[in-house]
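Good morning, and thank you for coming. Please have the sequence and the model in view.

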Amino acid sequence: MMKNRSKVYQKVVMVLMAVILMAGSFASLSPVAANQGHGNGQAEQKEKSDGAPHGPKRAIEDVIVVDSTSFEIDFDKTYPEGLDINRMIDVEVELADETVVEPELTDYHVSSEDRSLVTVEHGNDDLDGLAGTLSINGFEIDFDYVEEEEDRFSLDIFHTNDIHSKINNFGKMSAFINEKGEEADNHLFLDAGDIFSGNAVVDLQDGEPIVELLNEMGLDAMAIGNHEFDYGQEAFAAREEQADFDWLSANMEVVDEDIAIQQPEPYQIYEIDGVDVGIFSLTQNPPATSPSGIVGLEFHDYVETAEEYSYLQDETDILIALTHIGNNADKHLAENVDFFDVIIGGHSHTRVFEEEIVNGTPVVQAGSDSLFVGHFNLEFDGTDVTFNDYYLQDVEELTDVNQGVQDMVDAYNAEAEELLEEVVGYTNTGLYRDARYTRDTSLGNFITDAMKDALNADMAMTNNGGIRANIEEGDIKAADIYTVEPFGNELSEMEITGEDLKDVIEYSFSRSNSIDLQTSGLTYTIYTNEDGEYVDADLFVDGEPIDESETYTLVTNNFMAEGGSGYDFSAADIIQQEAGYITNAMFQLMDDIMNAEGALDYEDGEGRITIEEAN
């Protein structure tokens, strides 16, 4: 019994002694001097100015941030194992954005080699991906577990193509590019060509409105597209001079120094935050446009041209191909040239909703007519470039508007209303379509003459359904031309045999037992039975019977060339799918006739098309 009492007495004494010693230690605590810490190997330690935390605390000489879930404390005295760490320290984390977090301490370990070193774990509140200041009993140390991205260059690209003068969505597009561009570290706005042709508001001023708008929107560079030549070479030169953005083409060569168009730059290198970003460009070969627009120019092979500039991969950190050659040609380019980090395409109006990876190269395109804006991000780590976050933004879904840009659009639209009322010609005879289902008409003959002359083809044809109104005698206004052809159809040029051409003529009549094709260069007679059904046809080119084995150049509208109304030109060889707008061809021929004769006069029916009953 005495031995047991003695042991109890000894334990009580020891507990009392421990309490006295601890009390003495706490009483002697003083503010901690600002010593050098080691968080992440380079952390800076600071000293809090506010008072000591509540409760008994042990003095701290140093703190080392071990990793995102633990830190090591160097106390000024040995740490008694078993003493609750939560009572000994107050821990607080202030993140870089000034958010305060109080980590939950989950465990601790006293070093067996140096019992003043205690490793504290806080696994439930780890600091992975965060940066800020760790404060323990007023001792502060910085930490940074954000991924080392400061050495990674980030560039967001916004891209459009084949805008074709469609400016009404520019307010929304601009707001989107501005908002997302401000969120990005760096950004460029690029266009893959064909900003012109397709809207009277722009076309009547030879493209001036759209260039001014793209200047305002901050376009950086554009690939020269085939429709950039539609207004003629003087207008091309004037619009390039007006532009604040670069017009680029590596495979376009000026071979006649006397023309208005100057040799374009093949590429441009932009230095952005110390990173060299190269934009290399290609133009359709040959450009689908009026021949007069490309006199004195030559265009070269895509792959061969790109290979000539292979040295750019050594002179740039990021190299982008900005092309106007079509999606299939882009993929062919990627298959044969492997040094582009991405190919941004145009011309084929392809909506690429998910990047196509060809030979390791992403190939993208953003549709047409200002309906979409493409976006992707490129990161450069000093060695490699990664492609990220590609998507097409549907402009229809956007709500925010850059009002400054939209005000410019509205002003141009209002101005165009006046321009459409401008008198551009005169006709004594009027131009009519009324008899188009039984014979050729004056309006049908004028339209097809314009189509044929625009591309110097053997013949031209257009369907009656595309001729929408008459032009009465008297003054001809610009609006009249756009009323006659309101669809924005383009010229399609092809090579076709006489035999296949006759099949087209047979189909055109048989589909409704009436004339459907107005023509130029080609005249034809349909032979019918007593029920008015097709029996045969005679076709003549420049007054000579067609040779069914001979090949002819034919111009039609792209609606028919693509199978509209059931027309089948699959046996023909397409030379140019979209070679300029029919309205532009009409304006051009009208100007020529007005200058030569003073009036645009046609007889209403010249005998180009007749229907006879077969013998």
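A salt bridge is here a side-chain nitrogen of Lys or Arg within 4 Å of a carboxyl oxygen of Asp or Glu. Please keep in mind that this is a predicted model.

With that criterion, Arg439 forms a salt bridge with Asp604, and their closest N and O atoms are 3.5 Å apart. Arg439 is in the loop between E24 and H11, while Asp604 is in the loop between H15 and strand E34 (609-613), so this pair ties together parts that are 165 residues apart in sequence. Arg439 is partly exposed, with a relative accessible area of 27%, and Asp604 is likewise partly exposed, at 35%.

How many salt bridges does the structure hold? The count is twelve. Another of them joins the side chains of Glu421 and Lys477, at 2.9 Å from N to O. Since Glu421 sits in the loop between helix H10 (403-420) and strand E24 (423-427) and Lys477 belongs to strand E26 (residues 474-477), the pair ties together parts 56 residues apart in sequence. Glu421 has a relative accessible area of 45% and is partly exposed; Lys477, at 32%, is partly exposed as well.

A further salt bridge links Arg511 and Asp516, with 3.3 Å between the closest N and O atoms.

I turn now to the helix pair. Helix H11 (residues 442-455) packs with helix H15 (residues 582-597) at an angle of about 95°, and their axes are 8 Å apart. That angle makes H11 roughly perpendicular to H15. On the H11 side, the contact is made by Phe446, Ile447, Asp449, Ala450, Met451, Asp453 and Ala454. H15 contributes Ile582, Ala585, Met586, Leu589 and Met590. By class, this contact has ten nonpolar residues, two charged residues and no polar ones.

Next, His164. This residue lies in the loop between strand E10 (153-160) and helix H3 (170-183). His164 is buried, with a relative accessible area of 1%. What does the side chain of His164 reach at 3.1 Å? It is the backbone oxygen of Ser197. The side chains of His164 and Tyr581 are also joined, by a polar contact of 3.3 Å. Leaving aside neighbours within four places in sequence, the residues in contact with His164 include Asp194, His227, His349, Asp369 and Glu490.

Gln284 is buried, with a relative accessible area of 11%. Its side chain makes a polar contact with the side chain of His347, at 3.3 Å. Gln284 and His324 are 40 residues apart in sequence, yet their C-alpha atoms are 5.7 Å apart in space. Beyond neighbours within four places in sequence, Gln284 is in contact with Asn226, Phe299, Tyr302, His324, Ile325 and His347.

That concludes the presentation, and I welcome your questions.

How values were computed: Residues numbered from 1 in each chain as written. Predicted model: local features only at pLDDT ≥ 70, side-chain atom pairs only at ≥ 80, totals over all residues. Heavy atoms only, no water. Axes fitted to C-alpha atoms, helices over the stretch in contact; angles between N-to-C directions. Helix = DSSP H or I, 4+ residues; strand = E, 2+ residues; numbered from the N terminus. Parallel < 35°, antiparallel > 145°, perpendicular 65-115°, else oblique. Contact = heavy atoms within 4.5 Å. Nonpolar A, V, L, I, M, F, W, Y, C, P; charged D, E, K, R; others polar. Buried < 20%, exposed > 50% of the residue type's maximum accessible area, 1.4 Å probe, protein only. Polar contact = N/O pair within 3.5 Å; in protein donor to acceptor, adjacent residues only side chain to side chain.
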